[in-house]
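These are my notebook entries on one protein chain. I set down what I looked up, entry by entry.

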Amino acid sequence: GDPQRGDIVVFRYPPDPYKLIYVKRCVGVPGDHVVYKDKRLTINGEEVKQIYLGPDTANFSDTIDGWLSRRKELFPGATHDILVRDGDYDYEKDFVDFVVPEGNYFMMGDNRDNSLDSRFWGPVDERYIVGKATMILLSWDWGVRSYFPNFERSGSWL
């Protein structure tokens, strides 16, 4: 079926659909008015509630470190954790006001300040949708500058 808000979706990377496969959360379906401002998501005028869970740390690169907060985002039917870098605002990624066109979906990563997603390259055309992610087979710890798979979350259901 069609992706629903909150689904984790596997899709072809829109700028180069025959090279990369991406996995991101669907936050906007066709016709949705998506606003992302001050680290908060609003869909069709309704703010998606967040609960602050506490500080978190990560080393994204030699120049970008922590100041992260872990928050629970209360998406209807798809409550999940997100990470945001408090006090770090970048107009390009921290302000979105967009209506999702027919046949497209708006995708965002749960690690909001370290995610290349629809805020940068626009919505994902439905022809690039591969399917819904249901389990983590393996992941990479890009945050700790490792290029090797991490098997700690292998087999985890999404």
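Which residue in strand 10 does Cys26 stand opposite? I found that Cys26 stands opposite Met107.

**Entry 1: the model.** I note that this is a predicted model, in which local features need pLDDT of at least 70 and side-chain atom pairs count only at pLDDT 80 or more, while totals for chains, interfaces and linings use all residues. Residues are numbered from 1 along each chain as its sequence is written, and side-chain values use heavy atoms, with hydrogens and water left out.

**Entry 2: the whole protein.** I looked up the secondary structure and found two helices and 16 strands (DSSP runs numbered from the N terminus: helices are H or I with at least four residues, strands are E with at least two). Of the 158 residues, 45% are buried (under 20% relative accessible area with a 1.4 Å probe, counting protein chains only).

Entry 3: I traced an open sheet of five strands, in the order 11-10-2-1-12, with antiparallel pairing. Strand 11 (124-125) and strand 12 (129-132) are at the edges with a single partner strand each, so one side of each has no neighbour in the sheet. Within this sheet, strand 2 (residues 21-28) pairs with strand 10 (residues 104-108) over three bridges (two strands pair if DSSP finds at least two bridges between them).

**Entry 4: strand 3 and its partners.** I then turned to strand 3 (residues 33-37), which is joined by five bridges to the antiparallel strand 9 (residues 95-99). Strand 3 also pairs in the antiparallel sense with strand 4 (residues 40-43), over four bridges. Val35 has a bridge partner in each: Asp97 in strand 9 and Thr42 in strand 4. Strands 3 and 4 form a hairpin with two residues between them, and Asp38 in the turn has a positive phi of about 55°.

**Entry 5: the cores.** I looked up the nonpolar cores (sets of buried Ala, Val, Leu, Ile, Met, Phe, Trp, Tyr and Cys residues joined through side-chain atoms within 4.5 Å). The largest has 14 residues, and those touching the most other members include Val34, Tyr36, Leu41 and Phe106. Strand 3, strand 4, strand 8 (78-85) and strand 10 each give two or more residues to this core, and strand 8 gives the largest share, three residues. A second, separate core of 11 residues includes Phe11 and Tyr22, together with Cys26 and Met107.

Terms used
Buried means under 20% relative accessible area, exposed over 50%, partly exposed in between (1.4 Å probe, protein chains only).
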